[in-house]
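Me: Please go through the aromatic pairs, a helix crossing and some backbone details of the structure shown below.

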Amino acid sequence: MARIPLVDLAAAYDRHRDAIDAAIRAVVEETRFILGREVGEFESEFAAFCGTTHAIGVASGTAAIHLSLAALGVGPGDEVAVPAHTFVATAEPVSWLGARPRFVEVDAETGGMDPDALKSVLDRVRAVLPVHLYGLPVDLTAIGALASAAGVPLIEDSAQAHGAEYVRDDGSVVRAGAYGRIGCFSFYPGKNLGAFGDAGAVTTSDPALAERIRRLSDHGRTSKYEHLTVGYAARLDTVQAAVLAVKLGTLAEGNRRRRELAAAYRSRLDGVGDLVLPAEPPNRRGVYHLFVLRTRYRDGLLAHLREAGIGAGVHYPIPLHLQPAYAALGYKPGDLPVTEAWARECLSLPIYPELTEEQVETVVAEVRGYFERV
Ligand SMILES: *Cc1c(COP(=O)(O)O)cnc(C)c1O
């Protein structure tokens, strides 16, 4: 009985039901299921939104990362710098290609890849793959400069950061996925821009790289039955593109609303218990895919909220370097203490554009209620 869910996909559909239904019906009636017109149209609109010259629709956010690394030639013997505090999909494709994820410590305040920690692994890596975690851009100036100095590409895992903004030292603004060589986006249903199934995109302003990624996503094809390289089956399907094109029109407004809700939580939770509220450095505008608190009482607060019917979450409880799947890499508890503290203390509160002020008040009252009793 989650009275207030962590995300509410039904509410999002309700708001745009007619337009979405019409868009899906148009694809179905013309049976343009693979690489229909809507795919190219969505790609152009998404590239324009992000500020890149190219966007390539792909099968998922994970596929976006996989194809990007493959197009850059990452393979056996290579290492790729990945933050330790993220969803596993950031690292999996590195392993699929026979390369080794090099788990990097994160920043204590933001949870994003720590540039100082990146320095110590930089001599060995073929690519740098930070994550704009929870929708907040990482320190792109510092991380970008380190990647440039090492002569390796910067790939932005922007799966949680559609439309997040970063202000460069010269005052110009760049959106997530447009700063580095490549941006990787997920349109998993619960993301800020969500499809009705799995979907993703790669953004870049490098035409040759865009062509390679597109070719790899479609069986390495140069024509219907000529295959230049061994590729993958990882295209964005037309029904998803049609849904995404409708929802892209509401993304900026949805992000604005998420920022409003974050501000509401922030003002009402400031100073409560030992809570640490999400940081937002002055040169970054996050899009609050998640609103993540930190507290030493995380497990108790989580149980209390769930009991009260509030869909709180933990993103993420087990750091990648301590995942059973990566045991063979030889990391042990204590290797990345800042990451491990995030995993122990982080808690996500419900946030989505359709969340109401009253619901925020209900969540806040339960959080306050918990800290009055501990
Ligand atoms: C969601 C997500 C992905 C993977 O996206 P899928 O579309 O689910 O494959 C990758 N990285 C991060 C940080 C994510 O949140």
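**Backbone and ring geometry**

Reply: Tyr316 is placed in the loop between H11 and helix H12 (337-345), where helices (H or I, at least four residues) and strands (E, at least two) are DSSP runs numbered from the N terminus. This is a predicted model, in which local features need pLDDT of at least 70 and side-chain atom pairs count only at pLDDT 80 or more, while totals for chains, interfaces and linings use all residues. Residues are numbered from 1 along each chain as its sequence is written, and side-chain values use heavy atoms, with hydrogens and water left out.

Me: How are the rings of Tyr297 and Phe371 arranged?

Reply: Rings of Phe, Tyr and Trp (its six-membered ring) pair if their centres lie within 6.5 Å; planes under 30 degrees apart count as stacked, over 60 as edge-to-face and the rest as tilted. This rule gives 15 aromatic pairs. For Tyr297 and Phe371 the centres are 6.1 Å apart and the planes stand at 80°, so the pair is edge-to-face.

Me: Is Phe371 buried or exposed?

Reply: Buried means under 20% relative accessible area, exposed over 50%, and partly exposed in between (1.4 Å probe, protein chains only). Tyr297 has 35% and is partly exposed. Phe371 has a relative accessibility of 11%, so Phe371 counts as buried.

Me: Are H11 and H13 parallel or oblique to each other?

Reply: Axes are lines fitted to C-alpha atoms, for helices over the stretch in contact, and angles run from 0 to 180 degrees between N-to-C directions. The axes of H11 and H13 come within 10 Å and cross at roughly 130°. Angles under 35 degrees count as roughly parallel, over 145 as roughly antiparallel, 65 to 115 as roughly perpendicular and the rest as oblique. The two helices, H11 and H13, are therefore oblique.

Me: Where is Tyr134, and is Tyr134 buried or exposed?

Reply: Tyr134 is in the loop between strand S4 (127-128) and helix H7 (140-150). Its phi is near 65°, a positive value in a residue other than glycine. With a relative accessible area of 7%, Tyr134 is buried.

Me: Which residues do ring pairs link into a cluster?

Reply: The cluster is held together by ring pairs, and its members are Phe42, Phe46, Phe49, Phe185 and Phe187.
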